[in-house]
Amino acid sequence: MSPRSVALISLGCAKNLVDSESLIARLKALGFALSDDLGAVDLALINTCGFVEEAKRESIDHILETAAALRPGARLFVAGCLAQRYRDELCDGMPEIDCLVALDDYARFEELVRAHFPDVVSDDQPHPTRLTPPHLAYCKIAEGCDNTCTFCAIPLIRGPQVSRPFAQIEAEVARMAATGVQEISLISQQLDAYGRDRYGEPQLAELLARISPLAGTAWIRLHYCYPNHLDDALIARIAALPNVLPYIDMPIQHAADRVLRRMGRRTTHAHIAGRIAALRAAMPAVVLRTAVIVGFPGESEDDFAELLDFVTATGFDQLGCFPFSSEEGTAAARLDGALDPALIAQRHDRLMRAQAQIHAERLRGWVGRECEVLVDGPGEPGTVHARHYGQAFEVDNLTIVRGEAPAGSRLRVTITGTQDYDLLAEPSAGR
């Protein structure tokens, strides 16, 4: 009998992608082969996102489109956050789904597969699977979140923070480096709180010290460090380790203390500003990415003006701005002071216009600089797409380099100009 085949659709964030890698590895151990031919596979697996309303709609659309594309007899499994959060609604309202695999079901995933494919036999062999390009990898160091941000549904979906032990992460990083990975992105909902649940206090600084030598020459990138536990000792450790990139993805969400309190952020305008100043003092070339929310219930014009002024004065290299989305089950959904959607859209537009000018200025600051870039693959004829340390994969802008080079290689380049949101570069003389 020919091997069973499975098609994967992985939606949402990088943390979800890591879950998809695990589920596909387990399917491979059951004899399934990964396929892109949706109309011919035995099984389609959709790993959904249910974080905000737009993500829910996207997940539902993919479920319906995939069900229509499958051949008769094929099975449709729906996993992930949407399955966890809306199990009953999906069971009752979407007969297209053959099996729901909520987060709570991951431990018995093989059992669920065998219920639909009773002839599969596990070979009990590890089948490491990465869904990223070979030179890139995500390492999820913790699951869930202990924060009580009033707007966020993640603790309702993913539960409290559960940090992985040092040894498990060390072994994974060593395996990644051994296979030639050139960039390892550490991900979790709140990196700076890593280890607090397991070791009694945050241990990200200790984890970085342990994995830095194991990563060899691979870059280590940090995603989602909040101001709360980004203390001087952690900043000093990041600055001291040569392969930990001076790149901090630090969602602040707002800058007005009144809004921060209503958001349940456990920080203040002054504290956020102090952490940014400390980062720039320790690492003058640090690149800062952030995310903010506009239109939170009760946000006054003065509150928004304070946020806009803070963004302008700080000069973030990269910024994502999100209109407030009222998510059922969250405390923010019950707050008074809901704003008119037209006003929220207007504020979103004002902030993004200001950030576009900031971003253009920050890009121009790179022109004339020489730096190392990591090549991701070919671009337009005669160019390659690459990234310097301040550009995260599939998140930030690119560096477009003239010439040819294989994916995963490093180049020394000189930045020669800008093109929209990207940088243009030439290989440095003698390189």
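Guide: Here are some questions and answers about the whole protein and then about single residues.

Visitor: What should I know before we start?

Guide: This is a predicted model, in which local features need pLDDT of at least 70 and side-chain atom pairs count only at pLDDT 80 or more, while totals for chains, interfaces and linings use all residues. Side-chain values use heavy atoms, with hydrogens and water left out, and residues are numbered along each chain as its sequence is written, starting from 1.

Visitor: How many helices and strands does the protein have?

Guide: Helices (H or I, at least four residues) and strands (E, at least two) are DSSP runs, numbered from the N terminus. Counted that way, the protein has 14 helices and 18 strands.

Visitor: What is the radius of gyration of the protein?

Guide: The radius is taken over C-alpha atoms, and the globule rule is 2.2 Å times the number of residues to the power 0.38. For 431 residues that rule gives 22 Å, and the protein comes close to it, so it is as compact as a globular protein of that length. The radius of gyration of the protein is 23 Å.

Visitor: What percentage of the residues is buried?

Guide: Buried means under 20% relative accessible area, exposed means over 50%, and partly exposed lies in between (1.4 Å probe, protein chains only). Of the 431 residues in the protein, the buried ones make up 53%.

Visitor: Is His388 buried or exposed?

Guide: His388 sits in the loop between strand E15 (383-387) and strand E16 (399-402). Beyond its neighbours within four places in sequence, it is in contact (heavy atoms within 4.5 Å) with residues including Trp219, Trp366 and Leu423. Its relative accessible area is 3%, so His388 is buried.

Visitor: Which residue's backbone nitrogen does the side chain of His388 reach?

Guide: The distance is 2.8 Å.

Visitor: What is the relative accessible area of Ile252?

Guide: Ile252 is in the loop between strand E11 (244-249) and helix H11 (257-263). Leaving aside neighbours within four places in sequence, its contacts include Leu260, Ile272, Phe310 and Phe316. Ile252 is buried, because its relative accessible area is 1%.

Visitor: What is the phi of Arg266?

Guide: Most residues other than glycine have a negative phi. Arg266 lies in the loop between H11 and helix H12 (269-282), and it counts as exposed because its relative accessibility is 52%. Although Arg266 is not a glycine, its phi is positive, at about 60°.

Visitor: Where is Glu394 found?

Guide: Glu394 is a residue other than glycine with a positive phi, near 60°. At 70% relative accessibility, Glu394 counts as exposed. Its place is the loop between E15 and E16.

Conventions. Polar contact = N/O pair within 3.5 Å; in protein donor to acceptor, adjacent residues only side chain to side chain.
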